[in-house]
Amino acid sequence: MEIINLANICRQVEIAADNGNIDAMVYYGAFLKKGYGKNVNNEESYIYFKLAADKGKTDGMIQCALLLSIKNDPKGIDFLKKQRIMVI
């Protein structure tokens with residue numbers, strides 16, 4: 001049975017994100033949000049989600065809004081409206 005090293009995977013995804021891979025930005029943000037391979041860091045997670053969102057990635061936009069709403073920041077809904085994501 002192969003042992004999965006989340007810290008190593010996390011580092012590889014971080015490198016890809018830092019090199020401009022939009023999907024990796026979302027994945028790395030999720031790793032930071034959930035604490036996979038690194039300690040939970042919502043502030044840094046938001047940065048990577050926002051980078052992806054600014055490049056048009058819907059998953060990044062939604063995650064930014066969720067992180068803002070966790071803080072009870074009304075900008076969460078405004079963020080979705082600004083990005084033209086339908087809010088019901």
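**View 1. The left-handed crossing of helix 1 and helix 2.** In this predicted model, helix 1 and helix 2 cross in a left-handed sense. On the side of helix 1, the contact is made by I9, C10, V13, E14, A16 and A17, and these meet A24, M25, Y27, Y28 and F31 of helix 2. Helix 1 spans residues 6–18 and helix 2 spans residues 22–34, and the two pack with their axes 8 Å apart at an angle of about 140°. The pair is therefore described as oblique, since an angle has to be over 145 degrees to count as roughly antiparallel.

**View 2. The cysteines C10 and C64.** C10, which takes part in the contact between helix 1 and helix 2, has a relative accessibility of 1% and therefore counts as buried. C64, with a relative accessibility of 0%, is likewise classed as buried, because the cut-off for that class is under 20% relative accessible area. A search of the whole structure returns zero disulfides.

View 3. S45 belongs to helix 3, which covers residues 42–54. With a relative accessibility of 0%, S45 falls into the buried class. When residues up to four places away in sequence are not counted, S45 touches G29, L32, K33 and L67.

View 4. L66 stands eleven residues away from I77 in sequence, and the C-alpha atoms of the two residues are 8.8 Å apart in space.

**View 5. The protein chain as the setting of the close-ups.** The secondary structure of the protein chain consists of five helices and zero strands, so that the order of elements from the N terminus reads α-α-α-α-α. The chain has 88 residues, of which 30% count as buried, and its accessible surface comes to about 6000 Å², with 54% of that surface belonging to carbon and sulfur atoms. Among the contacts with a separation of 6 or more, 34% are accounted for by residues 24 or more positions apart.

Technical notes:
Residues are numbered from 1 along each chain as its sequence is written. This is a predicted model: local features need pLDDT of at least 70, side-chain atom pairs count only at pLDDT 80 or more; totals for chains, interfaces and linings use all residues. Side-chain values use heavy atoms; hydrogens and water are left out. A disulfide is a pair of cysteine sulfur atoms within 2.5 Å. Buried means under 20% relative accessible area, exposed over 50%, partly exposed in between (1.4 Å probe, protein chains only). Helices (H or I, at least four residues) and strands (E, at least two) are DSSP runs, numbered from the N terminus. Contact means heavy atoms within 4.5 Å. Accessible areas come from the Shrake-Rupley method with a 1.4 Å probe; for residues, only the protein chains shown count as cover. Axes are lines fitted to C-alpha atoms, for helices over the stretch in contact, and angles run from 0 to 180 degrees between N-to-C directions. Angles under 35 degrees count as roughly parallel, over 145 as roughly antiparallel, 65 to 115 as roughly perpendicular and the rest as oblique. A crossing is left-handed if the near helix is turned anticlockwise from the far one by less than a right angle, and right-handed if clockwise.
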